Amino acid sequence: MSTDLGTPRVLSETEKAVLLASPRGYCAGVDRAVITVEQALELYGPPVYVRKEIVHNKHVVDDLRDRGAIFVDELTEVPEGSTVVFSAHGVAPTVHQEAEQRRLKAIDATCPLVTKVHQEARRFAREDFDILLIGHAGHEEVEGTMGEAPGRIQLVESPEDVDRIVVRDPARVSWLSQTTLSVDETLATVEAIRERFPELIDPPSDDICYATQNRQLAVKELAAGVDLVLVVGSGNSSNSVRLVEVAKEAGARTAYRVDDASEIQDEWFDGVRRVAVTSGASVPERLVDGVLLQLAERGYPDARVVRSAEESLMFALPKELRRDLKAATARS
Ligand code: SF4
């Protein structure tokens, strides 16, 4: 379906082209979380309960549901003694406690890069900082991170929120962020915070994860040179929604998010020669293939891959699952 892009050819007035951003799609944290549920289903047998969507992609969730996963919003919906997987977005410590109280077998598929932010929140709280968490209200990752430092952490969604911040000591303020935000927007919010609190302490390393940054960079490089950007991803996927915003800010004439090829609209293609395609970090490649197939049917040729970064990060499966897999192998 796609080939690597060498030196781009100059297109004629009417020639159509599809540019496929790379990296795109699954990140290491999503890959690990999805494999965790698959392996848990195989090892323990269905049903395996999953608290919240394991990753924010409708197709992935539907597929796992068909294979025996039961998705719940709260642990009260999980029968005592059952196996439950926590999603890649992480959970607050109170959720771990509740799982223990209900004698659930919990497997924690929280992405290690989200866990890193949790650790930073605990450390800043121990050191008695007021923590400003840049993120989106209601997102599961934000709820989990805020739960690590109750009473010490407050949410900042945009630079407009900065005037309303109340802290105990302006000299002891730090910030953290959700892992899937727009890099540029977050920097603008941090600048606004720093203007109010010049002694603001930064996190020890970037909280916006490598996968979010790489996918934004890749779409930015393509956006200004195309007529249309298609981002494959679900509406509740923060990093997919950000990719549409980043593409528009980077100069794309139009950019749309689609869950899959069936959502593509005819009217988007009026006068469009060059199309860029990318996908969020929770999107299986088969959905991108479906979009490319539809573009081919509309007269757009095979996509040429534009690679802006290499990714090789992989995470080990959660320790609870590794231990049980090892025991099962020893028994067989
Ligand atoms: Fe982890 Fe980043 Fe993927 Fe979220 S987007 S699961 S933080 S690697």
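P47 is where I start: it lies in the loop between α1 and β3 (48-51). Helices (H or I, at least four residues) and strands (E, at least two) are DSSP runs, numbered from the N terminus. P46 and P47 are joined by a cis peptide bond, with omega at about 0 degrees.

Before I go on, the ground rules. This is a predicted model, with residues numbered from 1 along each chain as its sequence is written. Local features need pLDDT of at least 70, side-chain atom pairs count only at pLDDT 80 or more, totals for chains, interfaces and linings use all residues, and side-chain values use heavy atoms, without hydrogens or water.

Back to the backbone. Which residues does the other cis bond join? S22 and P23, with omega at about 5 degrees. P23 belongs to the loop between β2 (17-22) and α1. So much for the prolines.

Next, positive phi. K52 is not a glycine, yet its phi is near 65 degrees. K52 lies in the loop between β3 and α2 (58-66). Is K52 buried or exposed? Buried, with a relative accessible area of 14%. Buried means under 20% relative accessible area, exposed over 50% (1.4 Å probe, protein chains only).

R103 is another non-glycine with positive phi, about 50 degrees here. Look for R103 in the loop between α3 (93-101) and β6. R103 is exposed, at 56% relative accessible area. So K52 is buried, whereas R103 is exposed.

On to the ligand. Where does the ligand sit? In the largest cavity. A cavity is a set of points on a 1 Å grid over the protein atoms alone where a 1.4 Å probe fits but cannot get out. To sit there, a molecule needs more than half of its atoms within 2 Å of the grid points.

Who is around the ligand? C27, G29, V30, C111, L113, V114, T179, T180, C209 and Y210.

One loop to visit here is the one between β6 (105-108) and α4, which holds T110. T110 is buried, with a relative accessible area of 6%. Its C-alpha is 9.4 Å from that of E141, 31 residues away along the chain.

Now D206. D206 lies in the loop between α6 (183-196) and α7 (210-223). D206 is exposed, with 55% relative accessible area. D206 and V117 are 89 residues apart along the chain, and 9.3 Å separates their C-alpha atoms.

Aromatics next. Rings of Phe, Tyr and Trp (its six-membered ring) pair if their centres lie within 6.5 Å; planes under 30 degrees apart are stacked, over 60 edge-to-face, the rest tilted. How many aromatic pairs does that give? Three. One of them is F124 with F129, edge-to-face, 5.4 Å centre to centre and 70 degrees between the planes. F124 and F129 are both buried.

Then F269 and Y300. Why is that pair tilted? Because the planes are at 50 degrees, with ring centres 5.7 Å apart. F269 is in the loop between β11 (254-258) and β12 (274-279) and Y300 in the loop between α9 (285-297) and β13 (303-307), so the pair ties together parts 31 residues apart in sequence. F269 is buried at 11% relative accessibility. Y300 is buried at 3%.

Staying in that β11 to β12 loop, we also find W268. W268 counts as buried, at 13% relative accessibility. W268 and V34 are 234 residues apart in sequence and 33 Å apart in space, C-alpha to C-alpha.

Last, charges over rings. The test is NZ of Lys or CZ of Arg within 6 Å of the ring centre and within 35 degrees of the ring normal. The charged end of R123 sits over the ring of F124, 4.9 Å from its centre. The face of F129 has R172 over it, 4.2 Å from the ring centre.

Methods:
Near = heavy atom within 4 Å. 1 Å grid on protein atoms, 1.4 Å probe; cavity = no way out; pocket = protein on both sides within 12 Å on 5 of 7 lines; lining within 4 Å.
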